[in-house]
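Good morning, everyone, and thank you for coming.

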Amino acid sequence: MTETTTRQDWQSNQEVRWCPGCGDYTILASVQNFMADLGVARENTVFVSGIGCSSRFPYYMNTYGMHSIHGRAPAIASGLAVARPDLSVWVVTGDGDALSIGGNHLIHAMRRNVNIKVLLFNNQIYGLTKGQYSPTSEKGKRTKSSPMGSVDTPFNPVSLALGAEASFVARTIDMDRDHTVAMLEAASQHQGSAFIEIYQNCNVFNDKAFEALTGKEERSENRINLEHGKPVTFGPNDEHGVMIFDGTPHIVEVAEVGLASLHVHDAHAESPAAAFALSRLAHGPFGPTPIGVFRDVPRSTYEADLDRQILDAQTSRGPGNLQDLVTSSGSWVVE
Amino acid sequence: MQLAGARFTEASAIFGNDLSTFPSYPAEIRAPADTLGGVSTFQVHIADRDILTPGDHPDVLVAMNPAALKANLADLQPAGTLVVNTDAFTERRWTKAGYTANPLEDGTLDAFTVLPVPMEELTKKAVEETGLKGRGVLRSKNFLALGVLAWMYGRPVEPTIKWIESKFGSTPEVLAANTNAFKAGYNLGITTEVFRHTYEVKPAKMEPGTYANVTGNQAVAWGIIAAGQAAKLPVFYASYPITPASDILHELARRRNFGVRTFQAEDEIGAAGAALGAAFGGHLAVTGTSGPGLALKSETISLALMTELPMLIVDVQRGGPSTGLPTKTEQSDLLMALYGRHGESPLPVVAVGSPSDAFETTIEAVRIALKYMTPVILLSDGYIANGAEPWRLPDLEALPDISVPFQTELNSPDRYLPYLRDPATLSRPWAIPGTAGLQHRIGGLEKVDGTGAVGYDGPNHELMTDYRERKIAGIADDIPDIEVDGEEGATVLVLGWGSTSSAIHAAVRMVRHQGAKVARAHLRHLNPFPRNLGEVLGSYQKVLVPELNRGQLWRLLRAEYLLDCTRFSKVQGEPFKTGEIRDKILELIEA
């Protein structure tokens with residue numbers, strides 16, 4: 001029972017309270033527009049979040065929602081999605097929420113392939129606690145908690161998701177609304193866990209972190225748009241390309257190696273090896289960085305497998321009977 | 001040994017004895033052989049009358065090796081019977097157990113009737129023709145011992161043989177070996193002159209009805225399934241493996257045909273989170289654990305409390321703190337259940353009293369969770385979890401209807417108010433995703449009264465804190481008064497909760513048998529307390545509170561009622577012996 005909705009129908013009555021200029025506004029608009037176009041019912045849609053700036057997201061959606069506790073959104077969403085396969089369940093999280101305090105829940109939700117869509121707003125900083133380095137901050141970053149520079153090696157979220165057996169992994173950028181919507185569209189078509197890393201600018205504590213991919217001058221040199229079935233090229237005139245050999249990605253000049261030598265992106269490849277290699281092109285968005293769908297492979301979902309077991313058990317043993325249950329290991333009658 | 005104990009118990013149950021068991025095993029899966037720490041025991045008490053505990057002092061001890069003898073001999077009844085596996089009493093092995101001489105020969109056992117059985121030799125002979133070879137052969141010796149006991153106690157043979165067939169049917173040589181060993185043990189009893197007497201324990205006179213032998217974990221699992229039916233909700237059980245709670249997960253995982261969804265989470269926090277997600281989705285959400293896991297779940301429980309979603313948390317307590325005594329019993333999580341959360345976070349706490357009480361108490365805990373839209377902690381412990389006793393089956397057709405209707409329509413003229421409370425229960429409505437027009441957002445931030453919007457306003461926070469407190473406190477009007485098993489003129493009341501109930505009950509019987517007067521009461525609801533509890537306690541000169549902790553209920557009673565009760569504490573990883581409580585009661589009466 002879908003009805004035609006507009007972006008306004010997906011807006012809640014809550015005043016949006018992110019800092020002016022925050023990338024979250026753009027993502028919110030993209031998601032609301034996308035939801036209106038998707039044609040699903042608001043009441044069958046649930047947004048679950050953890051703690052952090054991004055996790056205020058559910059308050060602004062006219063859907064069901066839970067703003068939960070730090071790092072636990074993937075666990076809560078998993079329970080909801082397993083209990084209610086009829087719902088469309090989305091997780092909104094940040095780099096600290098998903099990759100630091102909630103890392104365990106995230107990786108296990110990925111490997112189980114529970115039908116949840118995880119939107120990780122990566123701004124490479126702790127915003128809500130006012131500016132500490134996060135698990136995606138670059139090494140050497142000076143913040144309040146790392147005045148001499150961070151000595152932590154950061155995660156690469158796409159590499160992490162691929163390593164966690166995710167069946168769908170993508171990356172996009174807050175400012176590119178069309179690309180964001182395309183990634184949301186692909187994720188929503190996917191059966192099972194979908195992971196989208198969204199580079200999101202925090203203009204207060206980590207402004208211009210993604211300048212290499214968003215700046216007018218730099219972006220055409222650095223954005224590598226992954227497209228399934230196409231050779232991986234980039235640059236203003238697609239003059240650069242990517243080759244993968246010995247499991248390692250290499251940036252090459254198309255003129256030197258020829259188009260035919262380039263890696264042809266296969267998002268549906270059973271092995272995540274090439275996708276992983278692509279994810280290693282950039283360790284942080286400071287040079288040429290791929291965006292798009294890294295991996296999108298079919299795999300049965302956790303809840304479908306579980307429901308099948310229930311159906312099988314009910315077919316073979318009949319629906320449960322309490323009397324039989326309590327006497328299942330023997331009983332006797334006292335007259 | 002646990003297997004042999006369980007089989008003897010089943011055979012006794014089928015024979016119609018009343019019974020009570022106390023399995024106890026080391027934390028290590030394959031603990032070092034022949035050491036005191038590696039001894040696995042199974043204590044079973046069978047009777048032709050209504051009994052309450054596994055007994056303080058067994059009449060018969062079967063010792064499979066010197067370490068088992070050393071660890072348990074002190075408990076054996078004076079002049080009791082010892083069945084000893086003589087093959088195990090080599091110098092190396094009795095030395096390892098800490099003996100300086102062979103206890104079979106140095107007079108250590110003079111006060112007992114010793115039945116020496118070369119179990120290993122006999123087992124080898126019995127198994128010879130089955131084709132079983134190597135180390136597997138001696139595994140059958142537990143069945144030989146079981147056969148000896150079956151003969152001594154006149155247990156029916158058929159149920160055990162049938163059980164061996166069903167259990168080992170897929171490996172014919174093991175099946176044959178265990179069957180042969182069992183029969184050899186039984187026949188040994190018949191044919192040798194060593195066994196001069198057998199014990200005859202006739203069927204007990206029990207209340208008419210249909211009985212099943214249950215362990216606490218089994219009954220909690222079944223209670224959860226029954227509660228789902230009584231509430232007309234699908235069951236979602238999320239858990240992370242932990243001793244001694246895992247058997248609840250195992251039992252529920254076998255019951256897919258009831259529509260039960262089990263979710264083995266990545267960790268304790270994930271299990272609590274998944275359960276909360278399922279609760280938001282309108283399922284009967286349960287998570288089970290033991291003390292360390294309850295600590296990990298506490299933040300999520302606070303979220304359940306703030307979002308006012310119904311959820312059951314089962315804590316099968318064990319010896320703590322930290323990893324503590326993971327396979328031993330204790331009641332030391334009571335204060336954590338009541339207070340182990342951040343902020344002002346009251347929630348109902350209900351405790352299982354015995355394996356046969358677990359089914360009904362679990363349903364009661366779920367009833368409270370649903371009616372009051374709150375997380376509820378159900379306390380069990382290792383003794384209840386693994387112990388077994390006959391349970392008179394309730395009328396399953398007459399389970400109470402504990403269902404709570406979901407909110408399906410607006411509850412104010414123009415919008416849905418997720419925190420508009422029922423004036424009687426102070427409970428908020430439960431509108432689940434999928435319900436058109438009632439979309440709303442909940443979360444851990446403080447809620448504005450009624451609308452559920454985020455509210456940072458101080459007076460509103462105080463109002464909501466007060467609502468949450470009064471909601472839980474008000475449950476006292478919805479639970480029965482505490483009943484006293486009293487005697488005219490008794491001056492001492494013994495108050496217990498949880499698994500101490502059986503030892504307290506048995507001790508009170510003994511005291512009365514000796515001609516003294518004493519009263520007894522058992523608490524199922526630990527938060528809130530029954531309305532009449534203060535009045536009841538105040539009407540006795542002395543109140544004795546035996547607990548397998550350092551006095552946690554005792555502390556609560558003093559705080560709540562300004563009453564100087566008497567604490568009786570034991571933290572040895574074991575239940576109270578009846579005699580310990582009896583002596584303490586007599587001491588108080590005489591003081």
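This is a predicted model: local features need pLDDT of at least 70, side-chain atom pairs count only at pLDDT 80 or more; totals for chains, interfaces and linings use all residues.

Let me begin with a question: leaving aside its neighbours within four places in sequence, which residues is D207(A) in contact with? They are N201(A) and C202(A), where two residues count as in contact if their C-beta atoms, placed from the backbone, lie within 7 Å.

Residues are numbered from 1 along each chain as its sequence is written, and chains are lettered from A and ligands numbered from 1 in the order in which they are written.

Back to D207(A), whose place is in the loop between β6 (194-199) and α7 (211-214) of chain A. The helices (H or I, at least four residues) and strands (E, at least two) that I name are DSSP runs, numbered from the N terminus. D207(A) is partly exposed, with 13 other C-beta atoms within 10 Å; a residue is called buried if 20 or more other C-beta atoms lie within 10 Å of its own, exposed if 12 or fewer, and partly exposed in between, again with C-beta atoms placed from the backbone. The C-alpha atoms of D207(A) and C22(A) are separated by 9.5 Å, although these residues are 185 apart along the chain.

Staying with chain A, we find an open sheet of 3 strands in the order β8-β9-β10, with antiparallel pairing, where two strands pair if DSSP finds at least two bridges between them. Because β8 (233-234) and β10 (248-253) of chain A stand at the edges, each with a single partner strand, one side of each is left without a neighbour in the sheet. Between β8(A) and strand β9 (residues 240-245) of chain A there are 2 bridges, and T233(A) stands opposite G241(A) in β9(A).

Now to chain B, where another open sheet of 3 strands has the order β3-β4-β5, this one with parallel pairing. Here β3 (60-63) and β5 (113-117) of chain B are at the edges with a single partner strand each, so one side of each has no neighbour in the sheet. Neighbouring strands of this sheet are turned by 15° against each other on average, direction ignored. β3(B) pairs with strand β4 (residues 81-85) of chain B over 4 bridges, and V62(B) stands opposite V83(B) in β4(B).

P244(B) is in the loop between β7 and α10 (246-253) of chain B. Another runs from G320(B) to P321(B), with omega near 5°, and P321(B) is found in the loop between β10 (311-317) and α13 of chain B.

Finally, how do the two chains meet? In the contact between them, 57 residues of chain B touch 52 residues of chain A, and the largest share of the side of chain B, 9 residues, comes from α11(B). By class, this side of chain B has 29 nonpolar, 19 polar and 9 charged residues, where Ala, Val, Leu, Ile, Met, Phe, Trp, Tyr, Cys and Pro count as nonpolar, Asp, Glu, Lys and Arg as charged, and the others, Gly among them, as polar. Strand β2 (residues 64-67) of chain A and β14(B) pair in the parallel sense over 3 bridges, with G65(A) standing opposite R441(B) in β14(B).

Terms used: Axes are lines fitted to C-alpha atoms, for helices over the stretch in contact, and angles run from 0 to 180 degrees between N-to-C directions.
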